[in-house]
Protein chains: 2
Amino acid sequence: MVKAKSWILAKHFDGPPKNTDFKLLEEELPKPKDGEVLLEAVFLSVDPYMRPFSVLYMKEGDVMIGTQVAKVIQSQNPAFPVGSYVVSNCGWRTHTVCNGKDLIPIISGWPQDVSLSLALGSIGMPGLTAVYGIEEVLGLQKGETLLVNAAAGAVGSVVGQIAKIKGCKVVGSAGSDAKVAYLKDLGFDEAFNYKTVSSLEEALRKASPDGYDCFFENVGGLFSTVALQQMKNFGRIAVCGGISTYNDGTHQTGPYPLVTINWKQLKIEGFMQSRWEHKHTESLHRLMAWLKEGKLQCREHITEGFENMPAAFMGMLQGENIGKAIVAV
Amino acid sequence: MVKAKSWILAKHFDGPPKNTDFKLLEEELPKPKDGEVLLEAVFLSVDPYMRPFSVLYMKEGDVMIGTQVAKVIQSQNPAFPVGSYVVSNCGWRTHTVCNGKDLIPIISGWPQDVSLSLALGSIGMPGLTAVYGIEEVLGLQKGETLLVNAAAGAVGSVVGQIAKIKGCKVVGSAGSDAKVAYLKDLGFDEAFNYKTVSSLEEALRKASPDGYDCFFENVGGLFSTVALQQMKNFGRIAVCGGISTYNDGTHQTGPYPLVTINWKQLKIEGFMQSRWEHKHTESLHRLMAWLKEGKLQCREHITEGFENMPAAFMGMLQGENIGKAIVAV
């Protein structure tokens, strides 16, 4: 028998999540039955999507949704031997008994010197999101100019680096000078701190006077409003998220800027990486190859301790992290 | 020498256009020189796009933009003999001297018993807009459900009929009971008066409980906000216009409903028919074929007299027309 801890949504978030919205549960888990395994979390992910997900799909008392890298510590399933590592969508839990159905093995050939935590970041869901947003949604072409916001985050930092690999001009926006310095390190052509520029419109125009072919949207709100006006005709926008809007009491419901969309003939598309699941393995290998070639830098913001998951989540929503926010158990 | 009248934008519109924003000019035109023709307007078009166009591209004193069917009454250009008819983008003018460069001949084989005014409507720009919105932007497939608003208008009425030709379920919204009756006549599966339904959300849900695959957007504002929530996952929206927003003092600039766009993975695309100019001739012949086969009904709302152009324009913006708004000189 194993003692498992899990974080549940005790109370639906009202504005920014706070400590009292979470509750830590302890329970004893049974031994795995035939076909089952017992997982022990090693790294857990906190991601922006968890905030709107809670509104759309969770009820109070549910375990917080989330992905983890876990070690198989007991196994009655030959596909997942003891000691192997998997990616699991089992939520904010230290230990989980599950059948192997939804477990994703770590991709083959994972180098010894690369932290498995990256399977939650640049070589995982956020990395895939960047790849599909750029390739499937935007269809970004060599020589084009791409704008990405929340650019120092888990997704944005990969987006900018892939766009550079593809021979594009990349402009990034982030919320601190340290993040801006990081973006410059990553090779972004232009980067600015949206919190300190005197005019967002001016900053966007200065960074690319001709406007933007593509916009990878992670933020929403005022940023979107201003950025939309800076798009070139036939500009494409990939809506990956809207972190500035997630704590709003009522979700923003428009009205959207029809005249601009119409007259500039813009294309705006929301997406989630799960749409291209059939390409995941190939895409993860491609991301890993870029990492090995030194073309993809993967910074992480690691919080120690399962008990600090709510703090890590709240900090990430407030922009405390540079790179991927990870909790190490 | 010919006396020409033209309507100019005397004052930029502030809210709904009013009589004093327009001014009628008279001038004497010179005889056409080599390569030129003298046109006499027969039918003129008033269209919603003229309202935002004036804000974006016109200055006070400019002739109002617009398309007309004109007769060549003098010609120094063998391509356009006296007595022939053309479509011209020369604006709100009774007579115009121009070279033949931007003149569009009426398509070949135009039947004697079909009014040439349709070259400004169902067999012209609005018809092309419907075709390209459905085929190029939405990629509407047989069996899908399409929502169109301003459905009794010049574009919307063609949109609904083409969608029926393609084997789709069509839901239309319009602003009077007479318009709703017209939509039913046209074969719309469902139609409602958005001004009298107790709840727009309920009306949309009742008309298609499973939601909408495609939405042909002509209106904007509150309608968009509500309709977006009724889209199916992977729904497509063609942004053709936003007539409810055109008189707004400041253009609506968002914020747009990111969470819905993101999680439903919606695709929203603004477009103008001019993007597919290379397909115009083939598309116009296709529209004419549907008309001849009785699959496309073309209703017009005709105002007599060039002096009534402002009234026709203002009435159209207020939704007075069923079908295409036309001014007959």
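Biologist: What makes up domain 1 and domain 2 of chain A?

Modeller: In this predicted model, domain 1 of chain A consists of 2-121 + 299-328, and domain 2 is 125-274. Their C-alpha centres lie 28 Å apart.

Biologist: How many residues does the contact take from domain 1 and from domain 2 of chain A?

Modeller: Domain 1 of chain A gives 14 residues and domain 2 of chain A gives 15 residues. A pair counts as a contact if the C-beta atoms lie within 7 Å. On the domain 1 side, α1 (50-57) and β15 (324-328) of chain A each supply at least two residues. That side divides into 6 nonpolar, 5 polar and 3 charged residues.

Biologist: What makes the side of chain A that touches chain B?

Modeller: The contact takes 34 residues from chain A and 34 residues from chain B. In chain A, α1, α6 (222-229), α7 (258-263) and β13 (267-270) each supply at least two residues of that side. The largest share, 5 residues, comes from α7(A). By kind, the side of chain A that touches chain B has 16 nonpolar, 14 polar and 4 charged residues.

Biologist: How do you know that β13(A) and β13 of chain B pair?

Modeller: Pairing requires at least two bridges between the strands. β13(A) and β13(B) have 3 bridges, in the antiparallel sense, so they pass the cut-off of at least two. In one bridge, E269(A) has K267(B) as its partner.

Biologist: Why is D248(A) called partly exposed?

Modeller: A residue is buried at 20 or more other C-beta atoms within 10 Å and exposed at 12 or fewer. D248(A) has 15, so it is partly exposed. D248(A) is in the loop between β12 (231-239) and α7 of chain A. From G124(A) it is 124 residues away in sequence and 28 Å away in space, C-alpha to C-alpha.

Biologist: Is Q265(A) buried or partly exposed?

Modeller: Buried would need 20 or more C-beta neighbours. Q265(A) has 19 inside 10 Å, so it counts as partly exposed. Q265(A) is in the loop between α7 and β13 of chain A. Its phi is positive, near 55°, in a residue other than glycine. In chain B, phi of Q265(B) is also positive, near 55°, and Q265(B) has 19 C-beta neighbours inside 10 Å, so it too counts as partly exposed.

Biologist: What makes α3(B) largely enclosed by the rest of the structure?

Modeller: Of its 12 residues, 10 are buried, so α3(B) is largely enclosed. Among them are A154(B), V155(B) and I162(B). The buried residues of α3(B) pack against several elements of chain B, including α2 (125-138), β8 (145-148) and α4 (177-186). After α3(B) comes G167(B), whose phi is positive, near 80°.

Technical notes: Residues are numbered from 1 along each chain as its sequence is written. Chains are lettered from A and ligands numbered from 1 in the order in which they are written. This is a predicted model: local features need pLDDT of at least 70, side-chain atom pairs count only at pLDDT 80 or more; totals for chains, interfaces and linings use all residues. Domain bounds come from an automatic or database domain assignment. Two residues are in contact if their C-beta atoms, placed from the backbone, lie within 7 Å. Helices (H or I, at least four residues) and strands (E, at least two) are DSSP runs, numbered from the N terminus. Ala, Val, Leu, Ile, Met, Phe, Trp, Tyr, Cys and Pro count as nonpolar, Asp, Glu, Lys and Arg as charged, and the others, Gly among them, as polar.
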